[in-house]
Amino acid sequence: MTGMEEKVRSFMKANFADAIIREDDFRQQQSFYVKAEALVDICRALYDEPELDVRLLADITSLDWHGHPAADEGRFEVVYNLYSLNHKYRFFLKVRLPANAPRIATLTDLWNGANWMEREVWDMMGIEFVGHPDLTKILTPDELEGHPLRRDFPLTWEQPQFSWNKDNPPEVMK
Amino acid sequence: MTESKTITINMGPQHPATHGVLRVVLEIEGETVVKARPVVGYLHTGIEKTMESKLYYKALPATDRMDYLAPMSNNLGYCLAVESLMEIEVPDKVKWARCCLAELTRVNSHLVWLGTHALDLGAMSMLLYTFRERELVLDIYEACGGQRMMTSYIRIGGLAHDLPPDFDKKVRNLTRIVRERMHDYETLLTNNEIFINRTRGVAVISAEDAINYSLTGPMLRGSGVKHDLRKANPYSGYENFDFEVAFGTNGDAYDRYLLRLEEIRQSLRICDQAIDGMPDGPYRAHVPGVVLPPKEDVLYKMESMIFHFKIITEGFKAPFGAVYQAIESPKGELGFYISSDGSNKPHRVRVRPPAFVNLAALPRLVEGRLLSDVICAIGSIDIVLGEVDR
């Protein structure tokens, strides 16, 4: 929707100028890299702002930049996919987190839908959501150690019950 | 007995009414559900991880295997995302054919939903009827892609082959038959007192809650929110078609049933329009080095053969960046977030699964209700565990 892009930008700049690291509009999709500690405040402000009406948290996902130059800003990236139903407009908030003990505040206080999405990110990527009511594994078996979607988790290493390669794990992908 | 006492029972993962391997741990007091906790992950196959290790082309078949009732929708979402990443513009014929196929998928998925949901609630004959009609859709899939379920027919930049010669006849035949039989379904269920008692006022969710739980698709529209990505953010040429967005008012299982029936009708309308207005033209975009050249050219033209070989062996390099493409799949917003690190494989493919997100609201739908309503609630969410667990 035309005009929304500018509205979101000016709202972000007016209220959270310190928290924005940079803005990106690759393929006409607006995204803001923001500081991790400001995320909850930003989301709450966007939620409460009637002009923007960002009510739907469409998705939370994560990326691992292990072994890539982009990891200089932080190895992990958490992507918040926000959608305004009234304005039919989608944009993204992105947060970079360090390789060591990545953690970020939970959004479950604001959106119930964040519950399972954050659990999945925790399970698959090992990012801790501080304050989450039930941060437990969701997709992988209880016995599985590690977080499979991390880039340094071997692709074909099945553990532990199918141990054909237990003593000889394949080379780490990449 | 004055003190109240709860017991915990385990439903699934091998339970015919959980549509696959869903397990729900229920804490019940008498017949009332106090607490419900869905447990998923029994069908986790690491599709997102697998896709990271494949070339863009070769990651496509993995998408069929998520929501196996709607393979074309999954193909479409993935291909649109890659096309947006590579800035590929597809020919008009491809757009129209894709819309038609995606709507056939919706008919397929909703028919299976209708049959199994009615079966869960005791109306066994529905399943036999809807599966009969579903065969017609699968026949069209088979004619197009050679397979009945895992079609991989929609490819990056176009289609796998040209549409089969009798495609229009087959689709017209299907829309005519299904439209007639919709009437039969309605006579069996819509005014059926048992069905109404089992669904009306059951698994209710308000519009505010639905949005707060990030629900999409029929789950959201059933509560009266008129949100459909085909209208809100048209993709693949949906702005050319004339159709209505179906929506409910009460947000209960009965409304979602009526809504899905209406969606089948609207899908049939779109299919008819797509066949009427199907433009002529190539079935694949011409983007050398990125989109596979048509097979006819590969056999007779040197240049096409070289490009074909290069794309199959080393793929194409995508620019550094990330795109998100969402489509309205039968179950809700199906999104593909593809992040590229500049190499020939996706750095990360995130599938935003509508059924997974919708299933998270199950406790909200059943807590405080009767145990038998849990079956109805699970059915009315319309889950496919292949997509929930990926």
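**Exercise 1.** Work out how helix 4 and helix 16 of chain B are oriented to each other.

*Solution.* Start with the geometry of this predicted model: helix 4 (residues 92–120) and helix 16 (residues 371–381) of chain B pack at an angle of about 180°, with their axes 9 Å apart. Axes are lines fitted to C-alpha atoms, for helices over the stretch in contact, and angles run from 0 to 180 degrees between N-to-C directions. Angles over 145 degrees count as roughly antiparallel, and helix 4 and helix 16 of chain B are therefore roughly antiparallel to each other.

Next, find the residues: Thr116(B), His117(B) and Asp120(B) of helix 4 meet Ile375(B), Gly379(B) and Ser380(B) of helix 16. Contact here requires C-beta atoms, placed from the backbone, within 7 Å. Helices (H or I, at least four residues) and strands (E, at least two) are DSSP runs, numbered from the N terminus.

Residues are numbered from 1 along each chain as its sequence is written, with chains lettered from A and ligands numbered from 1 in the order in which they are written. Local features need pLDDT of at least 70, side-chain atom pairs count only at pLDDT 80 or more, and totals for chains, interfaces and linings use all residues.

**Exercise 2.** Describe the open sheet of chain B and its strand order.

*Solution.* Three strands run in the order 1-2-3, with antiparallel pairing; strands pair if DSSP finds at least two bridges between them. Strand 1 (7–11) and strand 3 (32–39) are the edges. Strand 1 joins strand 2 (residues 23–29) over five bridges, and Thr8(B) has Glu27(B) as its bridge partner.

Terms used
Angles under 35 degrees count as roughly parallel, over 145 as roughly antiparallel, 65 to 115 as roughly perpendicular and the rest as oblique. Two residues are in contact if their C-beta atoms, placed from the backbone, lie within 7 Å.
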